[in-house]
Amino acid sequence: MTGKIYSASTTAPVNIATLKYWGKRDTKLNLPTNSSISVTLSQDDLRTLTTASAAEFFDCDKLWLNGKEESVEGNRIRACFAELRAVRKVLESANPELPALSSYHLHIVSENNFPTAAGVASSAAGFAALVRAIANLFELPQSPEELSRIARQGSGSACRSMFGGYVAWDMGQSDDGSDSRAVQIATQEMWPDMKSVILVVSASKKETSSTVGMQTTVNTSSLFKYRAEVLVPQRFKEMSEAILAKDFETFGRLTMMDSNQFHAVCMDSSPPIFYMNDISRLVVGLIETVNKIYGRVVAAYTFDAGPNAVLYYLEKDEPIVLGLLKAVMPDVDGWNKKPNTASITPTVPEGVD
Ligand code: DP6
């Protein structure tokens, strides 16, 4: 086994949706039933580091996630490999002096700096890093927007991790998915006093995967159609405008409403899907109370397909938000101090299951 090994490494961040993607109109191409919006979190705390290598003597494609070898036979990984190889092939045809990397097998080594099972969007960072690492290895000239179209086929939410700051995934209209891709609404620098924190209330793996859960909702929920066709399109416009205007009140209000509505359609599915638990509901109650006391949105909560809370708030309100959480959940520590930075805190307040 000798010969040259070509390698490239990259990192990709986690993103947390403030307007949720929930439902596919095409399961093969991963085309969503609605557009979505997310905030990309700082890579200081949460990121995937991936190295892609190619060599003529590799005899098959391989993938290692956090030191463990995983299958590369899944349709999603296959789709990403195939698309990236096809683009590289075009490049090689135009530049015959380039090594024929498109015909070599790939070895991918990927590592999260956070627990994969912690219920934070690991597939988003994972597929974004995989696509970008291979694109770097292949020296592809494609823009992040174009690469987001490929990452989307690995995991829908991964397309949004191709950008920092505030990101929209435009659902697109075409049947082939060519216009279903992510675009940046605003950079993180544009709204530097926005902060976030993750409360990991359970580090166990979710019972219903997003992929399965969202199709159950699409097929069985009677509320779903109204969400996807009426509410989300309205909120998409309002939330994009709120971000550009740095209007935290509207951004926060819409974020909480959308999280609650997303969990309502999950519960409206058959069989019903429950992602939030008692601690999640305790967090909702706390934030609603503090917002009521102050007569404004001090903090906004959102929950993905699991019980963990993500809170968004402005820097000026950090003493209120962190003070409250520390008072109610004294075990919690390691709170963040940086913009858009998440802290993982596996803690369960006593007496709450
Ligand atoms: C609730 O992107 O994990 O986090 O496309 O099937 O891989 P697949 O689903 P995935 O779903 C994310 C769902 C969500 C909302 C969101 O991130 O927009």
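Let's start with a pair of strands: β5 (residues 36–40) and β10 run antiparallel and pair over four bridges. Here helices (H or I, at least four residues) and strands (E, at least two) are DSSP runs, numbered from the N terminus, and two strands pair if DSSP finds at least two bridges between them. Within this pairing, Val39 has Tyr166 of β10 as its bridge partner.

Before we go on, please note that this is a predicted model, in which local features need pLDDT of at least 70 and side-chain atom pairs count only at pLDDT 80 or more, while totals for chains, interfaces and linings use all residues. Residues are numbered from 1 along each chain as its sequence is written.

Now widen the view. Strands β5 and β10 belong to an open sheet of four strands, in the order β2-β5-β10-β11, with antiparallel pairing. At its edges are β2 (15–19) and β11, each of which pairs on one side only. From one strand to the next, the twist averages 35°; axes are lines fitted to C-alpha atoms, for helices over the stretch in contact, and angles run from 0 to 180 degrees between N-to-C directions.

Other strands pair as well. Strand β1 (residues 5–13) is joined to β6 (residues 47–55) by nine bridges in the antiparallel sense, with Pro13 opposite Arg47 of β6. Strand β6 also runs antiparallel to β9 (residues 105–112), with eight bridges between them; there Ala55 stands opposite His105.

Next, look at helix α3 (residues 144–154). Nine of its eleven residues are buried, so the helix is largely enclosed by the rest of the structure. A residue is buried if 20 or more other C-beta atoms lie within 10 Å of its own, exposed if 12 or fewer, and partly exposed in between, with C-beta atoms placed from the backbone. Among the buried residues of α3 are Leu147, Ile150 and Gln153. The helix's buried residues pack against α1 (75–94), α2 (122–137) and β11, where contact means C-beta atoms, placed from the backbone, within 7 Å.

For a contrasting spot, find Asp175 in the loop between β10 (166–170) and β11 (181–186). Asp175 counts as exposed because it has 10 C-beta neighbours inside 10 Å.

Finally, turn to the ligand. It is surrounded by 15 residues, the closest being Ala17, Tyr21, Ser155, Gly156 and Ser157; a residue is near a molecule or strand if its C-beta atom, placed from the backbone, lies within 6 Å of it.

Conventions. Two residues are in contact if their C-beta atoms, placed from the backbone, lie within 7 Å.
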